[in-house]
Amino acid sequence: MKKLTMDSRIRDLYATDTGHDILAKLCMQAGISTKWIDNPVIRNLKLKALQKPLHKVLDPGFFTALLQLINEHTEQRLPEKKDITHTWWKEAVFYQIYPRTFNHGTIQGISEKLDYLKSLGVDAVWLSPVYDSPMDDNGYDIRDYRKIAEQFGTMEDFDALLNGIHAHGMKLIMDLVVNHTSDEHRFFQEAMKDKHSPYHDYYYLVPDKAHTNNWSSFFSGSAWSQYDNGEYGLHLFARKQVDLNWDNPSLRHDVSDMVSWWLDKGVDGFRLDVINYISKDSGLPDGDESIGKLIGYQGIEHYYYGPHLHEYLHELHESAFARHNAFSVGECPGAGMAMASSLTDERRKELDMIFSFDHLETPGHVRFEDYQYDLNFLRDYLIDWQMHYGSACWMSLFYNNHDNPRMVSKIDPSGQYRREICCLLALMQLSLKGTPFIYQGDEMGLGNVPFGGIDELQDIESLNYYREHVGKGEKESQVWQTVLAGTRDHARVPLPWNETEAQYGQKIDPMVTRVYRQWTGLRHRHKCLVYGTFEVLSKKKNRFVYRREDENESWIIDCNLSVHETEPWHVSDAYELVYPETVRGSALGAYGVRAWYQNKGSAIMENKDTEKERK
Ligand code: NOJ
């Protein structure tokens, strides 16, 4: 592909992965449609024509960084594929377990709940890290990849869990944290002991501060710290999470060996932690300051889509995943749809799916901010991905994980409509195209926790954030409100299985659990909900009505995205109501949903299914 320069035009930029995603994000943040890019005048503008009008927001370094990023990726987009390939992981409902707080904080505790998971309709479990770790970042700082952390149990407990999961007809995917290791990992310890050790080059170690750069850590402060041997090392996260140098072939070989070791044991795949960060621009150049200000972290443009990302992922796929036909889902912060499709197009053999996070905050807002989330934005995001991600790729559907406050509380901080919103979110998640990932507690209707003060928090990110901002002289009460809005601890408190475990008044809402059960069941029995076409019937303000359809059946899902009652969608008599089980009054209430089903008369699908569900 021809290299882009400042003489290139907007249309050339938009035709590249990175250019497409960045322009789409800028439009989203500015609240304008990407359709303006189709305007011939805009399409033909040269990049240098943008420099002047934008100079107040973006310095010239922005354009240099942008062009470098784009020119690093020369892969051609593959032509659109006609049919969707059918596989188990597209049909599966995943459930994420955060082991510290799922059940007694142990692996045995997880084994005790396998019947529950099965009855919820879970097909595959994603287990957050259970490896040996000093737990600086709750296990995302691994000391030994082949050992289980004592607090969670033993390798025998793990084997029993894996067998139990398989005996229940479910699958298990582990968390693969290989952007960094703990500084207590043997590799780093060896690197500290001897600068000539082969492990020294497994990390980004430089002799002194003068050799570091201006990148920031996601957990506050600089991404560089001084370690025991006097050298400085790069850590995009906490000081004890030192970044691995993936340009070193022996490191890549060791990672692949370790992955194969777990796959040989029988695990079915991995969720790959911040996997798009593994390839960094060579020489680790300084980050552009205007990009840093825009995004809040400096240096990102040099690693969120690094020059060898595709190559390293393909290599790992071929050397480990492919031999076991194992599943992979990559956590990819910052990835937009175009980058995502390059990473997950099945013909490229890199990743099966990714988690993109663009839907977790409404444009103009960040996680550490007290604001109300607008469901109209979620609808538009979902429509965009449902319609444009293509048949060679498959999206993940989720609202929560261990890194975010509960979405339901962002939508309705009062908690008044918690049940309605949880059911609405569940219905969309289980009736759209993509693989649903339920986060522990979603099915219980859990919301945020009314923490009383910083002493009640445990998460390193929140504690560092608080310290840094108070340290800068900001008012403590204001910093606390911000931390309270964004802390990951909301999703990390123990599940309220019973009264004694119920902290901060959190309780299970059995109605929400029932809805999850009903819809996982429907999804399993009606492949139309998995592979059927998607069509928007209405996207008026506060409304989302869509149809899923195949040759056998048709579903209409009618969602009210606001507190205001509204007229339900008019559905023909050929459809029967599946949800809710009973309808009171004719209006669609606050955050209400109606789901309609039509059997087109195929012999394979029987009406019985829906009838059974309604009972
Ligand atoms: C993403 C994980 O989900 C998060 O919990 C962790 O803190 C960072 N990666 C660093 O591993």
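**Loops and backbone**

I started at P580, which sits in the loop between β19 (576-579) and β20 (593-599). For strands and helices I use DSSP runs numbered from the N terminus, with E of at least two residues for strands and H or I of at least four for helices. The peptide bond joining Y579 and P580 is cis, with omega at about -5°.

Next I looked at H104, in the loop between β1 (94-97) and α7 (107-112). H104 is not a glycine, yet its phi is positive, about 60°. I noted both spots because most residues other than glycine have a negative phi, and most peptide bonds are trans.

A note on the source: this is a predicted model, so local features need pLDDT of at least 70 and side-chain atom pairs count only at pLDDT 80 or more, while totals for chains, interfaces and linings use all residues. Residues are numbered from 1 along each chain as its sequence is written, and side-chain values use heavy atoms, with hydrogens and water left out.

**Q298**

I found Q298 in the loop between α12 (289-295) and α13 (309-324). What does Q298 contact, leaving aside its neighbours within four places in sequence? The list is N214, W215, S216, G287, D288, E289 and G292, where contact means heavy atoms within 4.5 Å. A polar atom of the Q298 side chain lies 3.1 Å from the backbone oxygen of N214. I count a polar contact as a pair of N or O atoms within 3.5 Å; within protein, one must be able to donate a hydrogen and the other to accept it, and residues adjacent in sequence count only if both atoms are side-chain atoms. I also checked Q298 against S477: they are 179 residues apart along the chain, and their C-alpha atoms are separated by 27 Å.

**The ligand**

I then turned to the ligand, which has 14 residues around it, and D137, H180, D273, H402 and D403 come nearest. Near here means a heavy atom within 4 Å. By class, this shell has 4 nonpolar, 3 polar and 7 charged residues. Ala, Val, Leu, Ile, Met, Phe, Trp, Tyr, Cys and Pro count as nonpolar, Asp, Glu, Lys and Arg as charged, and the others, Gly among them, as polar.

An oxygen atom of the ligand is 2.8 Å from a side-chain N or O atom of H402. For R271 the corresponding distance from a ligand oxygen is 3.0 Å, and for R488 it is 3.0 Å. The protein covers 97% of the 300 Å² of accessible area that the ligand has on its own (Shrake-Rupley method, 1.4 Å probe).

**Helix pairs**

I looked at α17 (residues 418-431) and α20 (residues 510-525), whose axes come within 10 Å and cross at roughly 10°. Axes are lines fitted to C-alpha atoms over the stretch in contact, and angles run from 0 to 180 degrees between N-to-C directions. The two helices are therefore roughly parallel to each other, since angles under 35 degrees count as roughly parallel, over 145 as roughly antiparallel, 65 to 115 as roughly perpendicular and the rest as oblique. Their contact includes C422 and L427 of α17, and V515 and W519 of α20. I have it as 10 nonpolar, 3 polar and 2 charged residues.

My last pair was α9 (residues 155-167) and α11 (residues 249-265), packed at about 60° with axes 11 Å apart. That makes α9 oblique to α11. M155, F158, D159 and L162 of α9 meet W261, W262 and K265 of α11. This contact divides into 5 nonpolar, no polar and 2 charged residues.
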